[in-house]
Amino acid sequence: MSYLVLARKYRSRDFEALVGQEHVVKALTNALTQQRLHHAYLFTGTRGVGKTSVSRILAKALNCTGPDGTGGITAHPCGVCDACRDIDSGRFVDYVELDAASNRGVEEISQLLDQAVYKPVVGRFKVYLIDEVHMLSNTAFNAMLKTLEEPPEYLKFVLATTDPQKVPPTVLSRCLQFNLRPMAPLVVQEHLASVLAAEKIEAEPGALRLLARAARGSMRDALSLTDQAIAFGAGSLSEAGVRQMLGAVDRSHAVRLVEALAAGQGAEVIAAVDGLRSLGLSATGTLEEMAALLQQMAVLQAVPDALDESDPDAPTAARLAGLLAPDETQFLYSIVLHGRAELGLAPDEYSGLVMVLLRMLAFRPGSAGTAPQRVAAAATARPPAAAQVASQAVAAPAAAPVARPVPAVSAPVAARASAPASEPPPWLDAPYEDEAPPAPMAVREPEAARPQAASASWAPTPLGDRWADVVSQMVEAASISALVRELAMQAQCVAIDEQVQPSVWRLRVERETLRAPAQRDKLQAALSELLKRAVQLEIEAGVASDTPAQRAGAERARRQNEAEQIIHNDPLVQALMQQFKTARIVPGSVKPH
Ligand SMILES: [Zn+2]
């Protein structure tokens, strides 16, 4: 028997089972009970909140004939009559689901509208679900409008969209509109618990809390993630396993950081980031966990009674809530959220994270003017690595609140640091991108030269060779561009299974924004085309350690280093530098061939 994924197996089949959408359920059941039926419904809401499920339940409610075949329109479809069973399994001829986002959307909608003039074949009503309706062209909207204005009494439209702003007002005004809400994490968590109990799968509450939070209000995503977690954990769900799968960061790291920030301990903040890096934990994940913790603290500061006794994290959050004033908590929360968006711009995630954390230290309300001293104190506490970062931090806040992370160690900073010839700290890897450091850099001794880009954070793998090869072919053929190309460049291939049809390629991608299904689908199509066989791409969250981008960055750094060495060793250059003591080689001015 084939395994039925949880999201399909536990799709709500009646209004009672529709989780978290009580307001919609109530309105629809009342309308059905009182037979006050509208001819067009518009369901709005983000992905995975149940728009298609509501549509199917509505189709069943309208067409159910009851277990004995004598039933009429009902708010409680029986689930056993032919109509109910066929709608559930997608075989009911009078119920059509159409995805306007697909390429054939426009063509199909006109065919569908042509069919609308015919009475239902087996049911009482024809029900047309047009999903992502905002994607229809104006021509298609106009064609639909005619039918919406004078609908035959046997026809019901269900329109669904994630983006109601793009639906023309003429269409909106003819629909009864319902907004399906994103589900609260607790609602999702409770539902997952009941699903897993029914599946007889052991799960730690912490694991469910993580999954519920990662789903961001989408029950479908929550169930898909749970499927993955079951496979990952070989049948059981532990908090540690789920954390690893999601690339989530243990709460203890976030706690340590908030404690250090509250106490103004710069050295401790730097040491904590150092620890995160050595464990390979993601900077994005760290900020996400900090945001969750700060949010919990803010709630407890405003409403101390809100403490959830069953949540094992709650006592710690309550303790930390006492360390900061409510406005400070709000402020840190806002820096965390903005910092998350900024990480992608930083030369590498960890230097981005350091800057976000140092900003919190520097700009905490009430600490204006004292921050530099506090950071400087951190420098003396932990030389020399912290000294270099701290010097940058002293310089940075003066420039602008949104300080661009300072790449590598520039000369003026290095000169001020107490131990200029020491190894740069690991979070100060040279940037992957071709970015010149902001200030001219003095030519230094070879051993003090810029650190090798990414040398510590990536290791070549055979799968990485294969992936880099196909990606370069796709880039060359211009079959991928923009975000899809970025996704390919930032992905590490962790598994390829060519024994199955379609073959499965598994990618690990750290940046959450790149993991969107739309990009995945486009990359999957381009890869299938390149390999001339069907390929299924699976994308998992996690820290990638061998991506085409990392390879390209390392190669660029190697060539740059080589070029600088050649210039540095050039007898003429050396003679000039001997003669003019103030001569500088401006980095970035040296370009490899
Ligand atoms: Zn039925």
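User: Are C64 and C84 buried or exposed?

Analyst: Both C64 and C84 are buried; the term denotes under 20% relative accessible area, with exposed over 50% and partly exposed in between (1.4 Å probe, protein chains only). This is a predicted model, in which local features need pLDDT of at least 70, side-chain atom pairs count only at pLDDT 80 or more, and totals for chains, interfaces and linings use all residues. Residues are numbered from 1 along each chain as its sequence is written, and side-chain values use heavy atoms, with hydrogens and water left out.

User: Which residues are the protein donors of the zinc ion?

Analyst: They are C64, C78, C81 and C84, each through SG, lying 2.3 Å from the zinc ion; donors are N, O and S atoms within 2.8 Å of the metal (3.2 Å for Na, K and Ca). Their sequence spacing is C-x13-C-x2-C-x2-C.

User: What makes the arrangement of the four donor atoms around the zinc ion tetrahedral?

Analyst: The donor atoms subtend angles of 99 to 121°, and four donors count as tetrahedral if all angles lie between 85 and 135 degrees. The arrangement is therefore tetrahedral.

User: Why is V121 called exposed?

Analyst: V121 has a relative accessible area of 65%, so the exposed class applies.

User: Why is strand β4 described as largely enclosed by the rest of the structure?

Analyst: Seven of the seven residues of β4 (residues 155-161) are buried, so the description holds. Strands are DSSP runs (E, at least two residues), numbered from the N terminus.

Notes. Four donors count as tetrahedral if all angles lie between 85 and 135 degrees; four count as square planar and six as octahedral if opposite donors are over 155 degrees apart and all others between 65 and 115; anything else is irregular. Helices (H or I, at least four residues) and strands (E, at least two) are DSSP runs, numbered from the N terminus.
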